[in-house]
Amino acid sequence: MSRTVSSWILSSARSSIILQGKGRCYSICVPNRNKIKWKLVFSKTCPYPTGSCSSDRTFSFPKAFRHTSTEEEHFSFQLSPAQINDVLRAGELSHRALDLNGKNTNSVLRFESNQLASNSPIEDRRSAATCLQTAGMMFGVFDGHAGAACAQAVSERLLHYIAVSLMPRQSLEEIELAVEAMKPVQPILQWHRHPSDVEYQEITSQYFENLRVYWQHLLDLDAEPGFSLEEAMICAFKRLDSDISLEVQAPQENELMRNIALQVAFSGATACVAHIDGVHLHVANTGDCRAVLGVREEDGTWSTLPLTRDHNAYDEFEIRRLKREHPRSEEKTLFVNDRLLGILMPSRAFGDVQLKWSKELQHSILENSCDVEALNIYQYVPPNYHTPPYLTAEPEVTYRKLRSKDKFLVIASDGLWDLLSNERVVQLVAGHLTELNMQKPPLTFKKPVSLGYMHNLLLQRKSKGLASLDQNIATHLIRHAIGSNEYGEVDPEKLAAMLTLPEDVARMYRDDITVTVVYFNSETIEDYYRNH
């Protein structure tokens, strides 16, 4: 990026309108061919409830690299390549699926994930887990808005709700008996977490109790629950959103728990969750996160298969759905300025009770709560709010029976898709795979093997550029998303500029970005078809 472009970013940042006080100025990026249109929205948020995890436990930019204000005298975009890598790689997470014998018989070969904050602290969350009492693995990306509280809660709880929905009656009965006898309960999930992936430790017991109420409900059914995977995912999404709504309405003596419940319910989150069991891939999506499949065709070319639709004002199906659910007199006010009731970009989300509850219920809950203003929660009823709910957490579920040509799945928050097309993302992942394979020649040892010989082999690899390549594909995608020039090449100066934008304006240029890439085991998938 030229010095002129750097100067333009700086002057633009300094001349931007910054809203002072308890709110935060943030923006939504809407790709429009060669233009980027930004819509500024005033959001009153509080990132964490009183007494909950502090922001220094979440992933954010190292303060040494990121400016806190455009008013600083010595404003500079200068970062060394090592500093850029430190910032980009801080949230990296990877895991290779192996069985107890150290072999991989799973259709998931490995996954790689990363996050980059724009908001401070980051409002995105991610989850990955192996199902221990049912088959398969699950991966989720959650994009929070009006704070991180709802995305945090959903990232901790949703996979458990899905797993419980899939468990047979006998397993549910065994868990219930263990709880009644106050005996240890066999874990349902094995989590794969980054050290900075925070948990609300203070309310884990309450979340467990409400999960227990859910499985008791399943046990009360006359027959075996017998959910299909699609039904289980839909039921889990809807039940969790209902619990979020009910928890804030229930009497609560503990002020901390009450505050957290308020923050979770009055903030919001979109969610995209993939469940992979053998050759069976299900993706449940609520909102505008996205899942895309990378397919390598027989001729060696790559094709892109979207597995989700963005639920927003640009989707004709969503517009028609909302028009069916509300009176004809509201057709012109459902979407205002491409936002639901003029407020929210996604048309499906968890939380956001301001767009689900009646005016009377909202007033009752906030009136009886202690000092909600201190939590930055304010009652705001949008114009033309007549027939709630206007928002749902019910997901759309897509099924794909995997073939050996299906090589990887990319799940990401809209911060990535605002900057890169589906096709470009698949192209980057495919190119990264090819480059890694080319740069990893097999190590051939001469006997006896000396330290000097090993050192020379490592130097040969380094000279071929392997050391400079992002090993984590999610980092590679984020690097290209924020640093690419008009030719699709990473411009180091632009990359440094985007990473050092002050906190008060970074959100005007990019959103939080969370990416998880799941690689499939082609050999395991081929074995399935050979044996069936």
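This is a predicted model: local features need pLDDT of at least 70, side-chain atom pairs count only at pLDDT 80 or more; totals for chains, interfaces and linings use all residues.
Residues are numbered from 1 along each chain as its sequence is written, and side-chain values use heavy atoms, with hydrogens and water left out.

**Overall build**
- The protein has 16 helices and 17 strands (DSSP runs numbered from the N terminus: H or I for helices, at least four residues; E for strands, at least two).
- Of the 532 residues, 54% are buried (buried is under 20% relative accessible area, exposed is over 50%, partly exposed is in between, with a 1.4 Å probe and protein chains only).
- Take the contacts between residues at least 6 apart in sequence: 75% of them join residues at least 24 apart (a contact means heavy atoms within 4.5 Å).

**Helix α4**
- Helix α4 runs over residues 169–180, and its 12 residues reach 16 Å from first C-alpha to last, close to the 16 Å expected at 1.5 Å a residue (the expected span is 1.5 Å times one less than the number of residues).
- Its buried residues are R169, S171, L172, I175, E176, A178 and V179, and the cover over them includes α3 (149–166) and α5 (204–220).
- After α4 comes M182, which has a positive phi near 55°.

**Salt bridges**
- The count comes to 19 salt bridges (a side-chain nitrogen of Lys or Arg within 4 Å of a carboxyl oxygen of Asp or Glu).
- R157 pairs with E247, with the closest N and O atoms 2.6 Å apart. R157 sits in helix α3 and E247 in helix α6 (residues 229–249), so this pair ties together parts 90 residues apart in sequence.
- R157 is buried at 3% relative accessible area, and E247 is buried at 12%.
- R212 pairs with E176, closest N and O atoms 2.8 Å apart. R212 belongs to α5 and E176 to α4, so the bridge ties together parts 36 residues apart in sequence.
- E176 is buried at 8% relative accessibility, and R212 also counts as buried, at 17%.
- E297 and K405 make a salt bridge with closest N and O atoms 3.7 Å apart. E297 is in the β10–β11 loop and K405 in the β15–β16 loop, so the pair ties together parts 108 residues apart in sequence.
- E297 is partly exposed at 27%, and K405 is partly exposed at 33%.
- There's a network too: salt bridges link E318, R321, E325 and R348.

**Cysteines**
- The disulfide count is zero (the rule wants a pair of cysteine sulfur atoms within 2.5 Å).
- For C272, the closest cysteine sulfur is in C289 at 6.3 Å, which is too far for a bond.
- C272 is buried at 0% relative accessibility, and C289 is buried at 0% relative accessible area.

- The S120 to P121 peptide bond is cis, omega near 5°, and P121 lies in the loop between β4 (108–116) and β5 (124–131).
- P388 and P389 are also joined by a cis bond, omega about 5°, with P389 in the loop between α9 (359–367) and β15 (396–401).
- M182 isn't a glycine, yet its phi is positive; M182 is exposed at 77% relative accessibility.
- D338, also not a glycine, has a positive phi of about 65° and is partly exposed at 33%.
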